[in-house]
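Subject: A structure for you to look at

Hello,

I am handing over a structure that I have been going through, and I hope you enjoy exploring it. Please open it first, and then read my notes below alongside it.

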Amino acid sequence: MLQRREIPQAANVFAEQFMEDPLYRFILPDQRTRLNVLRIFFRNYLDMLYPYSNLYASSTQLEGVMLVFYSEKFGSSKIAQLNYWRKIAFAILKSLPACKYIGIKGLFRGVSILRSMSSAWLSMLEDRPYAHMDMLVVQKQYRGTGLVTKMIMPLIDECSSNNVACTLETQNPNNVPLYGRYGFELVDTIKMPDSELEQYCMVYNR
């Protein structure tokens, strides 16, 4: 598990591997500035979620990196909710340097799109605790080497042992059958307004 001081390196890996992701291509259509903005975004996003999550890597070389959000770390009190929204506001403020590349309108457009692709669908789990695989990337040169299995299976085993739901979402339709091979089932599809993008919501169910 990565320590907080390792967030910048992990953020760079996420930024580089999400360069061609459909969601981030839609949010940031200018490829020339996309990587710079994603580095700023993921640095602050990981920092915001770190208290509620575990950040895993395949090794110290970060060939693969996975962020898992644990609902039990978050809590359900109103104070917990308030603290979370404060963290979101602070993360947005810390992301203002991205305006150098996309302007203030571009920043808030991105925030609005990400909100529409939120994890609100997880409310269907009601009171059941869950581990949400927020992001998983493998660097291009290591794809096809079994790293996805190496990272996903311990999480699935952990969730099964503790009777915790294992969930994920993706905006890439090619990922749906990939995760299906590990036992994740599609439970909802959310259409993004004014876009062809869809969010595929999946739950492990074996």
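Let me start with a question: where is the place of Asn163? Asn163 sits in the loop between α7 (147-161) and β4 (165-170). Before you go further, please keep in mind that this is a predicted model.

Asn163 counts as exposed because its relative accessibility is 54%, and the cut-off for exposed is over 50%.

Glu126 is not a glycine, yet it has a positive phi of about 55°. You will find Glu126 in the loop between α6 (99-116) and β3 (130-138). With a relative accessible area of 70%, Glu126 is exposed.

Now for the strands. Strand β1 (residues 53-57) pairs with strand β2 (residues 64-70) in the antiparallel sense, over 5 bridges. To see the pairing for yourself, find Asn54 and look for Val68 opposite, in β2. The hairpin of β1 and β2 has 6 residues between the strands, and Leu62 takes a positive phi near 55° there. As for how covered β1 is, 4 of its 5 residues are buried.

The hairpin of β5 and β6 has 6 residues between the strands, and in it Asp194 takes a positive phi near 60°.

Finally, the helices. Two packed helices are described by the angle between their axes and the distance between the axes. Helix α3 (residues 31-49) packs against α6 at an angle of about 60°, and their axes are 13 Å apart. That angle makes α3 oblique to α6, and the crossing of the two is right-handed. Which residues make the contact? From α3 come Thr33, Asn36, Val37, Ile40 and Phe41, while α6 brings Tyr101, Ile102 and Leu114. By type, the residues in this contact of α3 with α6 are 6 nonpolar and 2 polar, with no charged ones.

Happy exploring, and write back with any questions!

Best wishes

Methods:
Residues numbered from 1 in each chain as written. Predicted model: local features only at pLDDT ≥ 70, side-chain atom pairs only at ≥ 80, totals over all residues. Heavy atoms only, no water. Buried < 20%, exposed > 50% of the residue type's maximum accessible area, 1.4 Å probe, protein only. Pairing = 2+ DSSP bridges. Axes fitted to C-alpha atoms, helices over the stretch in contact; angles between N-to-C directions. Parallel < 35°, antiparallel > 145°, perpendicular 65-115°, else oblique. Left-handed = near helix turned anticlockwise from the far one by under 90°. Contact = heavy atoms within 4.5 Å. Nonpolar A, V, L, I, M, F, W, Y, C, P; charged D, E, K, R; others polar.
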